[in-house]
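User: Please take a close look at one part of this model and describe how it is put together.

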Amino acid sequence: MTPHDLTAGRELDALIAEKVMGLRKTVRVHGTTNQAVVYTDNPYFNAVVKEADLHHVQPLPYSTSIADAWLVVEKMEHDGFEVELIYAPSNGWSVTFEKGGQFGGSYRNDHQPVTVPLAICIAALAACKEG
């Protein structure tokens, strides 16, 4: 499966949190031997979490929220990527990330309309996979 095959939702949000944002951690669920994957940049986050608190450390809705997708853009810029967002009425959104003048990853809408957050996420994943 390539980034272009993904659709907006929790699976893509988790991939962005791990591959682009660097937030994936494995913790133990309090009172059990079960492990859970959480997404946080808090260096003081304990290695044990209560099951009732797991919803607090799930990935942000990067692929459906423009505010959260913009965090992806800011992270990519921090990592040295330049971003280009283009809207054409006939094609919809196109997003490209480049690093040091070298093509990183892109999303160009050739088929179905997508939202800006989804286009940003797909392009960011493609850029991180390449670089």
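How many bridges join strand β1 to strand β2, and do the two run parallel or antiparallel?

Analyst: In this predicted model, strand β1 (residues 24-29) and strand β2 (residues 35-39) run antiparallel and are joined by five bridges. Within this pairing, R28 stands opposite Q35 in β2. The two strands form a hairpin, with five residues between them. In the turn, G31 has a positive phi of about 80°.

Strand β1 has a further partner. Over two bridges, β1 pairs with strand β3 (residues 48-49), here in the parallel sense. V29 stands opposite V49 in β3.

The nonpolar cores give the setting. The largest of them has 28 residues, of which I16, V20, Y62, V72, M76, F97 and I120 touch the most other members. Two or more residues each come from α1, α2 (66-78), β5 (92-99) and α3 (116-130). The helix α3 gives the most to this core, with 10 residues. V27 and V29, by contrast, belong to a second, separate core of seven residues, which also includes L54 and V57.

Finally, A8 lies in the segment before α1 (10-20). A8 is classed as partly exposed because its relative accessible area is 37%, between the limits of 20% and 50%. Beyond its neighbours within four places in sequence, A8 is in contact with S63, T64 and L118. The C-alpha atoms of A8 and C121 are separated by 8.8 Å, although these residues are 113 residues apart along the chain.

Definitions and conventions: Residues numbered from 1 in each chain as written. Predicted model: local features only at pLDDT ≥ 70, side-chain atom pairs only at ≥ 80, totals over all residues. Heavy atoms only, no water. Helix = DSSP H or I, 4+ residues; strand = E, 2+ residues; numbered from the N terminus. Buried < 20%, exposed > 50% of the residue type's maximum accessible area, 1.4 Å probe, protein only. Contact = heavy atoms within 4.5 Å. Pairing = 2+ DSSP bridges. Core = buried A, V, L, I, M, F, W, Y, C linked by side-chain atoms within 4.5 Å.
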